[in-house]
Amino acid sequence: MKKIHIFGIVVIAIAISLIVSTLGNTSSYVNFQRAKEVAEAGNNKEMHVVGQLKKNASGEVVGIKVNPDKVSFSFIMVDNDGEEQKVYYNEPMPTDFYRTEQVVVIGGFKGETFLANKILMKCPSKYQETTV
(Lines give C-alpha, C1' and ligand atoms only; values in the text may rest on other atoms or scores of the structure.)
Protein backbone atom coordinates (compact mmCIF):
# COMPACT_ATOMS: atom_id res chain seq x y z
CA MET A 1 0.00 0.00 0.00
CA LYS A 2 1.39 3.36 -1.02
CA LYS A 3 1.81 6.27 1.38
CA ILE A 4 -0.76 8.29 -0.57
CA HIS A 5 -3.38 5.59 0.06
CA ILE A 6 -2.68 5.58 3.80
CA PHE A 7 -2.86 9.38 3.87
CA GLY A 8 -6.19 9.27 2.00
CA ILE A 9 -7.66 6.75 4.47
CA VAL A 10 -6.57 8.92 7.42
CA VAL A 11 -8.15 12.03 5.87
CA ILE A 12 -11.43 10.17 5.23
CA ALA A 13 -11.47 8.82 8.81
CA ILE A 14 -10.95 12.31 10.23
CA ALA A 15 -13.73 13.71 8.01
CA ILE A 16 -16.18 11.00 9.11
CA SER A 17 -15.37 11.55 12.79
CA LEU A 18 -15.94 15.32 12.42
CA ILE A 19 -19.30 14.77 10.75
CA VAL A 20 -20.43 12.31 13.43
CA SER A 21 -19.33 14.62 16.26
CA THR A 22 -21.23 17.62 14.83
CA LEU A 23 -24.43 15.58 14.45
CA GLY A 24 -24.47 14.99 18.21
CA ASN A 25 -24.43 18.74 18.93
CA THR A 26 -27.46 19.67 16.86
CA SER A 27 -30.64 20.70 18.58
CA SER A 28 -34.17 20.66 17.31
CA TYR A 29 -37.27 22.86 17.33
CA VAL A 30 -39.94 21.55 19.69
CA ASN A 31 -42.83 22.83 21.79
CA PHE A 32 -42.69 23.19 25.59
CA GLN A 33 -44.42 19.85 26.15
CA ARG A 34 -41.79 17.95 24.15
CA ALA A 35 -38.94 19.88 25.80
CA LYS A 36 -40.32 18.93 29.22
CA GLU A 37 -40.63 15.27 28.21
CA VAL A 38 -37.02 15.22 27.03
CA ALA A 39 -35.82 16.80 30.29
CA GLU A 40 -37.85 14.35 32.38
CA ALA A 41 -36.25 11.48 30.46
CA GLY A 42 -32.88 12.70 31.75
CA ASN A 43 -31.62 14.17 28.49
CA ASN A 44 -29.87 17.54 28.90
CA LYS A 45 -29.93 18.31 25.19
CA GLU A 46 -30.65 21.94 24.30
CA MET A 47 -34.00 22.57 22.62
CA HIS A 48 -35.30 25.44 20.50
CA VAL A 49 -38.83 26.58 21.33
CA VAL A 50 -40.58 29.12 19.10
CA GLY A 51 -43.37 31.32 20.38
CA GLN A 52 -44.52 34.77 21.37
CA LEU A 53 -44.56 36.83 24.53
CA LYS A 54 -47.81 36.65 26.48
CA LYS A 55 -50.05 39.66 25.81
CA ASN A 56 -53.23 40.89 27.43
CA ALA A 57 -56.46 41.72 25.60
CA SER A 58 -55.21 45.17 24.60
CA GLY A 59 -52.02 43.72 23.08
CA GLU A 60 -49.63 44.76 25.85
CA VAL A 61 -46.89 42.34 26.88
CA VAL A 62 -47.45 40.91 30.37
CA GLY A 63 -45.50 38.59 32.65
CA ILE A 64 -42.01 40.10 32.37
CA LYS A 65 -40.23 40.31 35.73
CA VAL A 66 -36.79 41.92 35.84
CA ASN A 67 -34.74 41.00 38.90
CA PRO A 68 -33.62 43.96 41.08
CA ASP A 69 -29.98 43.50 40.00
CA LYS A 70 -31.11 43.85 36.35
CA VAL A 71 -28.80 41.05 35.20
CA SER A 72 -31.54 38.47 34.78
CA PHE A 73 -35.24 38.38 34.09
CA SER A 74 -38.13 36.00 33.51
CA PHE A 75 -41.11 36.17 31.21
CA ILE A 76 -44.15 34.21 30.11
CA MET A 77 -43.91 32.76 26.62
CA VAL A 78 -46.66 31.09 24.61
CA ASP A 79 -45.36 28.45 22.20
CA ASN A 80 -46.88 27.81 18.77
CA ASP A 81 -49.21 25.18 20.29
CA GLY A 82 -50.64 27.72 22.75
CA GLU A 83 -48.92 26.43 25.90
CA GLU A 84 -47.77 29.11 28.35
CA GLN A 85 -44.47 28.64 30.14
CA LYS A 86 -42.30 30.70 32.47
CA VAL A 87 -38.86 31.24 30.92
CA TYR A 88 -35.86 32.39 32.96
CA TYR A 89 -32.90 34.09 31.27
CA ASN A 90 -29.73 34.76 33.24
CA GLU A 91 -28.66 37.76 31.16
CA PRO A 92 -29.90 41.34 30.93
CA MET A 93 -33.06 41.91 28.92
CA PRO A 94 -32.28 42.52 25.24
CA THR A 95 -33.22 45.91 23.85
CA ASP A 96 -36.61 46.03 22.11
CA PHE A 97 -37.66 42.84 23.89
CA TYR A 98 -41.14 44.26 24.49
CA ARG A 99 -41.52 44.98 20.76
CA THR A 100 -40.48 41.59 19.47
CA GLU A 101 -42.93 39.75 17.29
CA GLN A 102 -41.57 36.24 17.75
CA VAL A 103 -39.12 34.69 20.21
CA VAL A 104 -36.94 31.59 19.99
CA VAL A 105 -35.57 30.38 23.31
CA ILE A 106 -32.71 27.89 23.39
CA GLY A 107 -32.20 25.86 26.53
CA GLY A 108 -33.93 23.27 28.62
CA PHE A 109 -36.11 22.59 31.63
CA LYS A 110 -34.90 22.65 35.20
CA GLY A 111 -37.83 21.71 37.37
CA GLU A 112 -40.90 23.58 36.20
CA THR A 113 -38.99 26.50 34.64
CA PHE A 114 -37.46 26.67 31.19
CA LEU A 115 -33.91 28.03 31.50
CA ALA A 116 -32.91 29.86 28.35
CA ASN A 117 -29.23 29.97 27.44
CA LYS A 118 -29.92 32.14 24.42
CA ILE A 119 -32.82 34.22 23.10
CA LEU A 120 -33.38 35.02 19.42
CA MET A 121 -35.90 37.73 18.57
CA LYS A 122 -37.72 38.73 15.43
CA CYS A 123 -38.42 42.44 15.50
CA PRO A 124 -41.04 43.63 13.00
CA SER A 125 -39.49 47.07 12.60
CA LYS A 126 -36.34 45.58 11.09
CA TYR A 127 -38.32 44.09 8.21
CA GLN A 128 -40.49 47.09 7.35
CA GLU A 129 -39.71 49.10 4.29
CA THR A 130 -38.66 52.65 4.89
CA THR A 131 -39.78 55.44 2.64
CA VAL A 132 -37.28 58.05 1.63
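Which residue forms a salt bridge with Glu-84? This tour of a predicted model reaches that pair at its fifth stop, after the overall layout has been examined.

**Stop 1: the whole chain**

Begin by displaying the protein chain as a cartoon. The secondary structure consists of two helices and seven strands. The chain has 132 residues, and 26% of them count as buried.

**Stop 2**

Select Met-1, which is placed in the segment before helix 1 (3-23). Is Met-1 buried or exposed? Met-1 counts as exposed because its relative accessibility is 78%, and the cut-off for this class is over 50%.

**Stop 3: helix 2**

Move on to helix 2, residues 32-40. Select Phe-32, Ala-35, Lys-36 and Val-38, which are buried in this helix. They are on the same side of helix 2 because they cover an arc of only 160 degrees around the axis. Which elements do the buried residues of helix 2 pack against? They pack against strand 1 (28-30), strand 2, strand 4, strand 5, strand 6 and strand 7.

Remain on this helix and select Arg-34 and Glu-37. These two residues form a salt bridge, in which the closest N and O atoms are 3.5 Å apart. Both residues belong to helix 2 and are three residues apart, which is about one turn of the helix. Glu-37 counts as partly exposed because its relative accessibility is 36%. Arg-34 is likewise placed in the partly exposed class, with a relative accessible area of 43%.

Then select Gly-42, which follows helix 2 and has a positive phi, near 90 degrees.

**Stop 4: the nonpolar core**

Hide the surface and show side chains. Select Val-49, Phe-75, Met-77, Val-87, Val-105, Phe-114 and Ile-119. These are the residues that touch the most other members of the largest nonpolar core, which has 21 residues. The elements contributing two or more residues to this core are helix 2, strand 2 (47-53), strand 4, strand 5, strand 6 and strand 7 (113-122).

Centre the view on Met-77. Which residues does Met-77 contact, leaving aside its neighbours within four places in sequence? The list is Phe-32, Val-49, Val-50, Gly-51, Gln-52, Glu-83, Glu-84, Gln-85, Val-87, Val-103 and Val-105. Phe-32 was also selected at the previous stop, as one of the buried residues of helix 2.

**Stop 5: the pair from the opening question**

Lys-54 is the salt-bridge partner of Glu-84, and their closest N and O atoms are 3.2 Å apart. This pair links distant parts of the chain: Glu-84 is in strand 5, whereas Lys-54 is in the loop between strand 2 and strand 3, 30 residues apart. Glu-84 counts as partly exposed because its relative accessibility is 43%. Lys-54 is also partly exposed, with a relative accessible area of 27%. The count of salt bridges comes to five.

**Stop 6: two loops**

Select Lys-70 in the loop between strand 3 (65-66) and strand 4 (73-79). Lys-70 is not a glycine, yet its phi is positive, about 60 degrees. With a relative accessible area of 61%, Lys-70 is exposed.

Finally, select Asp-96, located in the loop between strand 5 (84-89) and strand 6 (102-110). Asp-96 has a positive phi, near 60 degrees, and is a residue other than glycine. Its relative accessibility of 36% makes Asp-96 partly exposed.

Asp-96 and Arg-99 form a salt bridge, with their closest N and O atoms 3.5 Å apart. Arg-99 is partly exposed, with a relative accessible area of 45%.

Terms used
Residues are numbered from 1 along each chain as its sequence is written. This is a predicted model: local features need pLDDT of at least 70, side-chain atom pairs count only at pLDDT 80 or more; totals for chains, interfaces and linings use all residues. Side-chain values use heavy atoms; hydrogens and water are left out. Helices (H or I, at least four residues) and strands (E, at least two) are DSSP runs, numbered from the N terminus. Buried means under 20% relative accessible area, exposed over 50%, partly exposed in between (1.4 Å probe, protein chains only). A nonpolar core is a set of buried Ala, Val, Leu, Ile, Met, Phe, Trp, Tyr and Cys residues joined through side-chain atoms within 4.5 Å. Contact means heavy atoms within 4.5 Å. The arc is that of the directions from the helix axis to the C-beta atoms. A salt bridge is a side-chain nitrogen of Lys or Arg within 4 Å of a carboxyl oxygen of Asp or Glu.
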